[in-house]
Amino acid sequence: MFVLGIDTSNTILSIALVKDGETLAELTEATKNDHSKKLMPAIQDLFKQVHATPQQLDRIVVAEGPGSYTGVRIGVTVAKMLAWTLEKELVGISSLAVIARNIEEEGLIIPLFDARRETVFAGVYDGKTHNVVLEDGHYELRQLLEHLKESPKTMYFLGNDVSRYWDLIVEYLGEQAVQTTDEELNIPHASMLIKCAKDVKPVENIHLFVPKYHRLPEAEMNWLLEQKK
């Protein structure tokens with residue numbers, strides 16, 4: 001199976017081409033939130049590197065969120081466009097689950113993205129099986145940490161935004177909390193995204209596939225608040 005993976009859910013742009021489990025080419029780089037300019041040229045360059053064409057694909061896998069609204073939307077839109085025009089399978093995978101798969105340790109894996117005002121997008125995964133322990137969601141960090149205190153397990157925190165909240169995390173969890181400092185383990189890799197999708201069924205209707213933001217955009221939240229007033 002020849003697969004294209006796309007992750008633009010945060011400031012990292014990661015795309016990969018994998019054939020029958022072998023990574024043929026991969027690009028992972030930090031951007032200035034200009035995925036709309038870089039994504040399509042980067043995909044074209046990747047196909048040139050491996051001397052292949054998009055028509056040869058069997059499947060497209062995309063990070064469906066949570067993360068940056070704009071970033072997630074761009075990745076999902078491009079993936080849907082390609083899947084529809086090329087008549088290929090489309091699979092969406094959690095942006096948090098992809099990062100959680102970067103390590104395998106006894107304990108809990110907690111990938112998180114900053115959502116501002118001491119809130120985070122986060123999920124909790126088993127460190128060995130990578131099964132979901134707590135569903136991805138938009139959480140108040142203090143409430144999440146209070147909940148995690150009930151577990152006696154070691155907890156590995158992943159993601160580039162962990163450092164800004166590390167003092168608070170340690171305040172609640174002490175030595176149970178482990179900060180993963182290896183930069184490569186804190187960012188998504190499209191080859192891992194594809195690996196996560198290995199046994200996932202493709203979406204039935206490409207047109208109905210939408211990002212999983214796990215929170216309303218701020219403009220929409222403000223509008224709803226105004227209506228309540």
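Predicted model: local features only at pLDDT ≥ 70, side-chain atom pairs only at ≥ 80, totals over all residues.
Colleague: Where is the cis peptide bond?
Modeller: The bond running from Gly65 to Pro66 is cis, and its omega is near 5 degrees.

Colleague: And which element holds Pro66?
Modeller: Pro66 sits in a loop, the one between β4 (59-63) and α2 (69-86).

Colleague: Where does Asp20 lie?
Modeller: In the loop between β2 (12-19) and β3 (22-30).

Colleague: Is Asp20 buried or exposed?
Modeller: Asp20 counts as exposed because its relative accessibility is 60%, and the cut-off for exposed is over 50%.

Colleague: What about phi of His51?
Modeller: The phi of His51 is positive too, near 55 degrees, and His51 is a residue other than glycine. His51 belongs to the loop between α1 (35-49) and β4.

Colleague: Buried or exposed, that His51?
Modeller: His51 has 74% relative accessibility, so it counts as exposed.

Colleague: New topic, helices. At what angle do α4 and α5 pack?
Modeller: Helix α4 (residues 141-148) packs on helix α5 (residues 166-173) at an angle of about 35 degrees, and their axes are 9 Å apart. The crossing is right-handed.

Colleague: Which residues make the contact?
Modeller: From α4, Leu141, Arg142, Leu145, Glu146 and Leu148; from α5, Leu168, Ile169, Glu171, Tyr172 and Leu173.

Colleague: How many of them are nonpolar, polar or charged?
Modeller: The contact of α4 with α5 has 7 nonpolar residues, 3 charged and no polar ones.

Conventions: Residues numbered from 1 in each chain as written. Heavy atoms only, no water. Helix = DSSP H or I, 4+ residues; strand = E, 2+ residues; numbered from the N terminus. Buried < 20%, exposed > 50% of the residue type's maximum accessible area, 1.4 Å probe, protein only. Axes fitted to C-alpha atoms, helices over the stretch in contact; angles between N-to-C directions. Left-handed = near helix turned anticlockwise from the far one by under 90°. Contact = heavy atoms within 4.5 Å. Nonpolar A, V, L, I, M, F, W, Y, C, P; charged D, E, K, R; others polar.
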